[in-house]
Amino acid sequence: MIDLPKLNSSKPQRLSAVLGLALDGSRLDGVVLRRADGSLQVQQSFSVTLSLDPLTNDPELVGREIRNHLDAAGVREKHCVVGVPLKWALTAHVKVPELAEADVASFLQIEAERGFPCDVTTLLLATSLCRTHAGERHATLVGIPRNHLALLEQVLRAAQLKPVSFRWASRPCSAPEPSPSNGVLALAIGESHVGLQVTAGGGVAALRGLEGALEAEGGERVLHADVVAREARITLGNCPRISRGRAPHPHLRPARAGPETGR
């Protein structure tokens, strides 16, 4: 899993309840989870379409719209875990040489400065390390514009919410495989794109949002299987860490229910 850091870190809290929100295009899905008997139980859920864009409209107005939706759904929980669109992600890959563990972080920082097409100080960075069958280590670097999360945090505060953490809204659910010789290619169908994740060697080998794989036609979402297949082949071709191991097992998961056809 690659989680995103908050702009302002705070001490981790053990909460009895939390509101999960997932933003994907104009779609906002939510679920309230409450801890009971050592497990989390779903208390409420809702799904709405936002008329305002959190990145381009006034945060106060967007926050007010979200607050109105929460009130209409009867949601009172303030602490939230927020899934952000995968299309906000910038990714880069790098082979990690044999280094002392204390030097790995600084090496990855330098590689991020080389690999991303922008000033890395404008990004919040997260990494995932994986190991090949030959014992080589590779890293997937993921960056998200700080300004995107800053605006989203303003929106959430305007909605009277307290974000606990940020994650990817359309990230496929597949746990990293412990064996470098095995891999999983997982797909998650979102509102406007398909999320693709390759896990292998104990980490995330690739993470992408496939644009053009979904189109709206006559009130239905049309999934272009040929686009998905082509982009999956390209992604696997850029994953040398698993190319000589066993082929990844495909796994498809709809991100949410809705009208959908395939081609």
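I began with E5 and strand E7 (residues 137-145), which pair in the antiparallel sense over 7 bridges. For my own record, two strands count as paired if DSSP finds at least two bridges between them. Strands (E, at least two residues) and helices (H or I, at least four) are DSSP runs numbered from the N terminus. I picked out threonine 91 and found its bridge partner in E7, valine 142.

Before going on, I noted that this is a predicted model, where local features need pLDDT of at least 70, side-chain atom pairs count only at pLDDT 80 or more, and totals for chains, interfaces and linings use all residues. Residues are numbered from 1 along each chain as its sequence is written, and side-chain values use heavy atoms, with hydrogens and water left out.

Next, the whole sheet: I see 3 strands in an open, antiparallel arrangement, ordered E5-E7-E6. Strand E5 (90-96) and strand E6 (123-131) are the edges, each pairing on one side only. I get an average twist of 20° from one strand to the next, with axes fitted to C-alpha atoms (for helices over the stretch in contact) and angles running from 0 to 180 degrees between N-to-C directions.

Then the helices. Helix H2 (residues 101-115) lies across E5, E6 and E7, at about 130° to E5. Helix H3 (residues 146-158) packs on the sheet and touches E6 and E7, its direction making about 50° with that of E7; contact here means heavy atoms within 4.5 Å.

Strand E12 (residues 214-217) pairs with strand E13 (residues 220-223) in the antiparallel sense over 4 bridges.
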